[in-house]
Amino acid sequence: MKVTAAAPAKINLQLSVGALRADGYHDLVTVYQALDLRDEVTIFERAEGMGVQCGISGDFSSGVPGDESNLAVKAVKLVAELAGVSCDLNIQITKRIPVAAGLAGGSADAAAALVAAAELYGYGGDLQPLAEQLGSDVAFSLLGGTALGTSRGEVVVPVLARGNYCWVIISSSNGLSTPRVYQKLDQLRDEGAVREPLQLAPKNELLQALVSGSATQIAAHLSNDLQPAALALVPKLQRILDVTVEDGALASLVAGSGPTCIALAKDHEHALDIAARISGQNLADRVLVATSPAVGTEITVIEKN
Ligand code: C5P
């Protein structure tokens, strides 16, 4: 049997970061939304004893490891272990989500691999604990839509949201490591340059804007506590944010831990206009247009032998 699953990238409409915990993570409150920008993971069995082989293709395959450090490899092994079978699989990942970009591309691959492996092995257990084990954003990639994330981001509940939003996704070639951005935030806080939120809670104005379905209202309430840290590490991102606003974006911000910047457009045509102008300015590596919210991880193809 050959199974393909697709999993979405995420953006954070709110990302409020609390204190560093004893386990090395930060408590956070985030409002996630899934993008219709998806990675695909296809798996099929190899002869017994051959282990896992992982190949990467697609627009953003460069530099992605196919070894044990790949979250998709870890994910299939976890499912095989729980299903009580030996893990002998070919994995093919098609990467359309920029890498080390703040869009949870690696988490999407983990989510797709979990769902595909559960189907292939007939594993009916809960995937949520496995998602939590693999990374903070994997649970959201499984769920998709719009959701409130708490703890380190892995506890997710759906949030009521109307409307569809058009984004320009501006990616930079040199990715940022997530731990480095969190460390920079801690440093900026120690220096008194930025403050920790007084209260770690979802912003009511944003939740109300989501119910209204108005892009203009959403734009007024987007926030990302990691943005000052990402800008401190990659100062040229500020220019990208400024240019999108000059081009009439309703709002623009750094995506998660960056370095991707996202700009909220009035509609699809407007997003294409902003994308064209940004592309012409040599500021970014790749410019994409995407819509949110989008569905979570789902199986797209099953081929039976
Ligand atoms: O969970 P994930 O593997 O995506 O996290 C990568 C790193 O990002 C963690 O090891 C940690 O340094 C940082 N992080 C954090 N607080 C979070 C999520 C991630 O400090 N809530």
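A: Start with the residues in contact (heavy atoms within 4.5 Å). From H1 come Leu71, Ala72, Ala75, Val76, Val79, Ala80 and Ala83; they meet Gly106, Ser107, Asp109, Ala110, Ala113, Leu114, Ala117, Ala118 and Tyr121 of H2. By class, the residues of this contact are 13 nonpolar, two polar and one charged. Here Ala, Val, Leu, Ile, Met, Phe, Trp, Tyr, Cys and Pro count as nonpolar, Asp, Glu, Lys and Arg as charged, and the others, Gly among them, as polar.

The model is predicted: local features need pLDDT of at least 70, side-chain atom pairs count only at pLDDT 80 or more, and totals for chains, interfaces and linings use all residues. Residues are numbered from 1 along each chain as its sequence is written, and side-chain values use heavy atoms, with hydrogens and water left out.

Now the geometry. H1 covers residues 71-83 and H2 covers residues 105-121; their axes come within 8 Å and cross at roughly 30°. Axes are lines fitted to C-alpha atoms, for helices over the stretch in contact, and angles run from 0 to 180 degrees between N-to-C directions. The two helices are therefore roughly parallel (under 35 degrees). Their crossing is right-handed, meaning that the near helix is turned clockwise from the far one by less than a right angle. Helices (H or I, at least four residues) and strands (E, at least two) are DSSP runs, numbered from the N terminus.

Ala100 sits in the loop between strand E4 (89-94) and H2. Its phi is near 50°, positive in a residue other than glycine.

Next, the ligand. Among the residues around it are Gly24, Tyr25, Leu28, Thr178 and Tyr182, each with a heavy atom within 4 Å. An N or O atom in the His26 side chain is 2.7 Å from a ligand oxygen. For the Ser136 side chain, the distance to a ligand oxygen is 2.5 Å. Arg152 places a backbone N or O atom 3.0 Å from a ligand nitrogen.

Last, the cis peptide bonds. One joins Gly258 and Pro259, with omega about 5°. Another runs from Ser292 to Pro293, with omega near -10°.

Technical notes. Parallel < 35°, antiparallel > 145°, perpendicular 65-115°, else oblique. Polar contact = N/O pair within 3.5 Å; in protein donor to acceptor, adjacent residues only side chain to side chain.
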